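Q: Hi! Could you walk me through this structure in plain words? I'm new to this.

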Amino acid sequence: MSKCLAAWLLRVFICLLADYRIKTKEISQFVNRYKSYDGSYKYLEWKCQLHDGLVYSTAKDITYHKNIEDSLSHSRDLMRYVIEHNRSNVTVIDRKMYYLYVSQSYLDSCNLSGQNIIGRNHYDIHPNMPEKWKKVHQRALNGEIIREEEDIYIGEDGKKEWMQW
C-alpha cells in the first residue's frame with residue numbers, strides 16, 4: 001500500500017469515527033497520535049461539529065505542546081520521587097501554605113504516616129502552630145532567608161522537641 005493511500009485511509013477512518021461520535025453526541029473534540037513519514041510521532045487535536053448532516057472538522061498540530069506537557073509531567077514525577085524518598089524532613093508548599101510535595105520522613109516525624117496531605121493546608125495539619133513560626137513562614141514566603149540553630153516546639157501532646165531550621 002502506498003504512503004498516500006495509507007494517509008488517505010487514516011483520514012477517512014478518523015472522519016468516520018468523528019462522524020459517528022459527533023452524531024451520537026459522544027465527543028466533539030479529541031487528540032490522536034500518528035506516525036509521520038519521517039518516523040516521528042505527531043499529535044493532532046481535532047475539533048468537530050455536526051451541521052446540516054455534515055461533519056466539519058479541523059485539526060491542529062499540538063506536538064510541541066504535548067511534548068512540553070510530557071516533559072513537565074516527567075519532571076514533576078521525578079521531583080516527587082526524590083522528595084518522597086529523601087531521608088530528611090522535606091516539604092514543598094505553595095504561597096498559601098498548601099502542600100505540594102512531602103517526604104516520607106516528614107510524615108513519619110509528624111505522625112502522619114499513611115495520610116495524604118498533598119493539597120492540604122499546613123496550618124490545618126498543624127493547628128497549634130506557634131504564632132512566631134507563622135510570622136517566620138510569611139517572611140520566608142516573601143523571600144527572606146531565615147534560620148534558627150535552636151528552637152523548641154511543644155507538640156499537642158506536650159512533648160518538647162528541639163529543632164534546627
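Predicted model: local features only at pLDDT ≥ 70, side-chain atom pairs only at ≥ 80, totals over all residues.

Q: Where is Lys134 found?
A: Lys134 belongs to helix α5, which covers residues 131-141.

Q: And how does Lys134 lie relative to Tyr123?
A: Lys134 lies over the face of Tyr123, 5.2 Å from the ring centre. Along the chain Lys134 and Tyr123 are 11 residues apart, and their C-alpha atoms are separated by 8.8 Å.

Q: Does Lys134 count as buried, exposed or partly exposed, and why?
A: Lys134 counts as partly exposed because its relative accessibility is 24%, and buried would mean under 20%.

Q: What about Arg33, which ring does its charged end sit over?
A: That would be the ring of Tyr41, with the charged end of Arg33 3.9 Å from the ring's centre.

Q: New topic! How many aromatic pairs are there?
A: The count comes to 2 aromatic pairs. In one of them, the rings of Phe30 and Trp46 have centres 6.2 Å apart and planes at 15°, so this pair is stacked.

Q: Why stacked, though?
A: Because the planes of Phe30 and Trp46 are at 15°, and planes under 30 degrees apart count as stacked.

Q: Which parts does that pair tie together?
A: Phe30 lies in strand β1 (residues 29-35) and Trp46 in strand β2 (residues 41-51), so the pair links parts that are 16 residues apart in sequence. Phe30 is buried, at 14% relative accessible area, and Trp46 is buried too, at 10%.

Q: And how are the rings of Tyr99 and Tyr106 placed?
A: Their centres are 6.0 Å apart and their planes at 50°, so the Tyr99 and Tyr106 pair is tilted. Tyr99 is buried, with a relative accessible area of 1%, and Tyr106 is buried with 10%.

Q: Last one, about strands. In what sense do β6 and β7 pair?
A: Strand β6 (residues 151-154) and strand β7 (residues 160-163) pair in the antiparallel sense, over 4 bridges. For example, Asp151 has Met163 in β7 as its bridge partner.

Q: What do β6 and β7 form, and what is in the turn?
A: They form a hairpin, with 5 residues between the two strands. In the turn, Gly158 has a positive phi of about 85°.

Methods
Residues numbered from 1 in each chain as written. Heavy atoms only, no water. Pairing = 2+ DSSP bridges. Phe/Tyr/Trp six-rings, centres within 6.5 Å; stacked < 30°, edge-to-face > 60°. Buried < 20%, exposed > 50% of the residue type's maximum accessible area, 1.4 Å probe, protein only. Lys NZ or Arg CZ within 6 Å of the ring centre and 35° of its normal.
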